[in-house]
Amino acid sequence: MTVTEENKAGVDDKEHALLELRNICKYFGNVTALENITTRVEAGKVTCVLGDNGAGKSTFIKILSGVHQPSSGEYTMYGSPVHFNNPRDARNAGIAAVFQDLALAPLLSIWRNFFLGVEPMRGGILMRSAFMKKTAKEEMAKMGIDLRDVDQPVGTLSGGERQSVAIARAVYFGARVLILDEPTSALGVKQSGVVLKYTRAAADRGLGVIFITHNPNHAIPVGDRFLLLNRGHSLGDFAKNEISRTELTRLMAGGAELEQLEHEIGIR
Amino acid sequence: MTATDVRIGDEPVAEPPPIPSDERISHRGPMRRWLVSPEIGALIGAVIVWAFFWGNGQTFGEADTTLNWLDVAAPTGIMATAVALLMIGGEFDLSSGVMTGATAIQIGLFSRYFMGDGVNIGWAIGSAFLAAAAVGWFNGYMVNKTGLPSFIVTLASFFTLRGVMLVISKRLVGKVQVDQIADQDGAGFFKSWIAHEWKFTEFGIRDNLFLALVFAGSAAFIYGLLEQSFVRRASINPVGAGLTVVGLAAAIGGFCGLLWTDGLGQNALFGVIAGVGVVLAIVGPALARWKARGSDAGAGALPPEAARRLGLGVGLVALACLTPIPFDRRQSMAILTWTSSGLRPVIATIAALAGIGLAVRAMLPELRGDRKASSWGKLSAFSIYSGLLVMTMAICFLQLTTVQALRAMGMLVLAGGGLTFMMIARGIAGKTSKRWQLYIGLLVSVAVVVLAFVVRADSGTVRFRTGMFAAMMIGAIAIAANSLVEFLMEKREHADAVADRLGKLLQLGGFIAAFVGLIIRLVWSNLTPEHAAEVKAAGGSVGQNVLRQTVVWWLIVAAIGSYVLVKTRWGNWIFAVGGNKDAARAVGVPAGQVKVGLFVTVSLCGCLAGTLIALRYGTVQANQGTGLEFEYIIAAVVGGCLLTGGYGSVIGAALGSAIMAVSVVGVQTTRWNSDGRFAFLGGVLLLAVLVNNFIRKKAQEAR
């Protein structure tokens with residue numbers, strides 16, 4: 001299978017992380033969107049990017065996925081610098097972004113959605129529908145979801161299950177790095193838990209995962225590394241054992257600013 | 001697998017972890033799988049409308065009327081296929097109707113006037129296809145480029161094409177029609193290859209072939225359904241195999257006996273033999289192939305809710321048996337004329353009051369909320385409107401409907417309702433008591449037999465006395481056999497790939513066989529030329545039984561369209577582009593190209609329809625096809641396509657155009673006021689879409 005072979009090729013390079021970003025800056029005119037961001041993404045690990053609204057999370061993933069190009073700084077993959085002109089370049093290099101709208105057609109059945117755009121063909125005309133159904137079912141099973149019926153429309157799945165279809169699809173088509181943009185933001189508590197489980201499952205299958213969220217309670221259970229952003233600046237880039245839960249929550253919530261706010265409005 | 005320290009090389013990607021079974025998983029039965037398909041509403045609608053006219057129309061169901069409605073349906077069907085694809089892709093084409101006329105005009109003009117005195121019609125046809133492709137490409141390009149709704153862009157094309165056609169034909173020909181196309185060079189050649197007409201007269205073994213194919217097809221279909229429903233045995237049970245052989249022999253012998261004898265006593269004897277044979281031929285293979293049900297949980301009592309519904313159902317069926325009594329079956333005048341003049345104001349008042357009642361009911365929540373003066377004003381306006389509307393509808397209905405039709409409808413509704421309640425009772429009883437499920441199933445089949453005899457005793461026409469009677473008896477036998485099988489065999493709760501595939505093949509094969517049988521029955525007449533002359537001499541009319549190649553083109557275009565939609569990647573892309581364009585683009589589907597392709601397809605199909613019109617009539621009006629675009633869209637919607645895109649079926653669209661054609665032709669064959677056909681068509685369309693939505697919702701719910 002594509003994923004495994006490519007990952008095996010990658011694993012030979014133990015010196016370097018899968019992705020590494022050093023002092024990434026991005027300016028839009030005289031607006032500083034990001035300044036001196038440094039972090040790394042390792043295969044089989046989840047790197048969480050945390051930040052409040054306007055912290056630069058979106059700009060950051062757009063740089064990672066090739067939508068924007070960094071103004072300065074180093075972006076390396078297995079130690080060698082990369083330059084993506086557009087999202088297609090990034091996708092070809094194995095960086096798949098799962099955005100909030102998930103790129104799924106709600107009325108289309110699961111197996112058709114799974115292979116949308118890259119349908120396996122027989123004789124150039126006929127779709128290999130039996131193979132497609134079987135594969136879609138198997139791949140979803142690897143994510144821990146037993147589908148009742150691959151023929152059901154994606155729209156009938158729950159939010160978490162839909163996320164996992166998008167994730168499973170990215171994984172199956174050879175992604176080495178998976179970028180999840182706020183996958184839990186629109187979900188309830190239980191569904192968020194389901195998505196976190198699938199996120200972890202994707203990492204366990206050998207992918208480097210970048211998990212963007214503004215909720216530290218979702219980041220802590222799955223994260224191996226935490227990058228905290230605030231107004232385009234990095235508040236720090238920590239491995240799991242370098243930071244405590246309380247510290248993370250405090251930094252995330254705005255740290256000193258929040259303490260001052262509490263003082264002002266008299267929260268005990 | 002735990003989260004912490006898995007390296008990419010050594011984790012077992014290929015082995016899925018064991019999955020805990022999900023208690024929400026339910027195996028979808030074969031019937032349910034049929035019911036979720038988008039075209040099912042149109043299929044049911046087509047059968048109902050067809051059966052309705054078969055019962056009411058004088059000549060409906062004969063070869064000439066069948067060929068007539070096929071001929072009406074075919075051009076709409078060709079276009080509806082393409083329009084359905086475009087609608088699934090999320091766009092409309094309002095220039096599709098005028099495209100048929102424009103290309104027909106272009107063919108006429110080119111073949112008569114190009115380079116002075118015209119060219120061979122082949123060149124004219126070729127140039128028309130090129131021009132159509134160009135217009136389609138332009139539509140698609142403009143929609144993509146400007147991002148305007150296709151409604152606007154194609155409306156502009158519609159007016160432009162219409163204007164250009166009028167100007168050119170007036171300037172060149174001096175009038176708004178182009179004629180003598182059939183006299184041009186090459187017209188004969190192309191007519192015989194593209195727009196051929198086959199004449200059918202007589203086909204001696206038609207009815208026997210029809211019966212054989214329909215029986216074989218239905219049997220295969222039923223076995224297919226059973227195959228998908230039960231647990232297989234490890235080995236074949238010899239008793240069941242023996243019963244199968246005996247049953248088949250009895251069934252075939254009984255039917256042959258029925259065909260070859262004519263006396264009432266002999267018919268009854270052979271009928272019973274055939275019936276028993278059919279039951280054995282269904283129960284036998286079941287015993288042979290599937291596992292018997294364990295004897296547990298079979299003997300519960302009848303639940304009270306099932307008993308209530310059963311009582312209601314039996315009562316309704318009994319009432320249905322009594323409906324013929326107050327009516328005179330030979331009475332074919334409209335109900336309004338039939339009723340005494342004192343009764344008419346009463347009927348109108350009741351209808352008006354019903355309309356007002358509906359309005360008040362609809363307004364109730366608003367009235368409860370606040371008692372402002374404005375809402376009272378709204379209520380009075382709304383009630384007057386609704387009262388008048390319902391009254392008009394009632395009068396139209398009474399004017400259009402004959403006494404005979406009322407009697408038939410009353411019986412149909414009562415009997416249908418009663419049987420439905422009995423089936424619901426059977427379903428409820430089946431959850432707790434297999435025994436009662438069997439009893440109620442057998443009771444249903446007895447009710448159908450009783451109704452069959454009522455129909456037979458009370459009908460004036462041969463088709464009801466024999467055809468309908470036989471069909472109902474066979475239905476009753478099938479219901480009884482199915483109840484027995486369901487009582488005896490163990491239902492499958494899991495998928496079984498081999499059996500499911502075999503079942504699907506059997507269903508498909510059976511469906512095709514029955515369909516071919518039906519076509520043979522409908523297209524060929526069993527009148528010999530001599531016999532036809534006799535009928536004519538006696539003052540009857542004999543249709544000319546012409547099958548036009550348009551119908552063949554319709555089938556070809558629908559088959560290709562359906563194949564492309566379901567089996568190829570382009571179909572996948574069409575669904576995706578209509579369902580979520582941005583998503584499709586994000587995963588690499590060339591959304592723009594797909595849309596352009598769809599617009600070009602619609603235009604090319606329009607050109608095909610236009611060519612067929614030009615070759616067939618030899619004369620084309622400049623306003624040919626104007627206004628038909630809505631018929632195409634309606635056919636697609638009736639066929640289950642969503643107006644919002646992303647869902648639908650080409651087969652459904654083909655059935656939708658059949659429904660419309662059957663309605664138009666059917667009304668002509670009845671003794672009704674044929675101006676009422678548009679009202680009828682409106683009702684049919686509304687009903688078909690409602691049925692479609694209802695079934696889809698029910699089927700989706702059960703997941």
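Analyst: **A helix and the cores**

Let's start with chain A: among its contacts between residues at least 6 apart in sequence, 70% join residues at least 24 apart. Two residues are in contact if their C-beta atoms, placed from the backbone, lie within 7 Å. Keep in mind that this is a predicted model, where local features need pLDDT of at least 70, side-chain atom pairs count only at pLDDT 80 or more, and totals for chains, interfaces and linings use all residues. Residues are numbered from 1 along each chain as its sequence is written, while chains are lettered from A and ligands numbered from 1 in the order in which they are written.

Now for the close look: helix H9 of chain B, residues 238-260. Helices (H or I, at least four residues) are DSSP runs, numbered from the N terminus.

Which residues of H9(B) are buried? They are B:Leu243, B:Thr244, B:Gly247, B:Ala250, B:Ala251, B:Gly254 and B:Phe255. Buried means 20 or more other C-beta atoms lie within 10 Å of a residue's own. These buried residues pack against helix H10 (264-289) of chain B.

What about cores? A nonpolar core is a set of buried Ala, Val, Leu, Ile, Met, Phe, Trp, Tyr and Cys residues joined through C-beta atoms within 7 Å. The largest has 184 residues, and B:Ile659 is one of those with the most contacts inside it. A second, separate core has 55 residues, including B:Ala251 and B:Ile282.

Definitions and conventions:
Buried ≥ 20, exposed ≤ 12 C-beta atoms within 10 Å, placed from the backbone. Helix = DSSP H or I, 4+ residues; strand = E, 2+ residues; numbered from the N terminus. Expected span 1.5 Å × (residues − 1).
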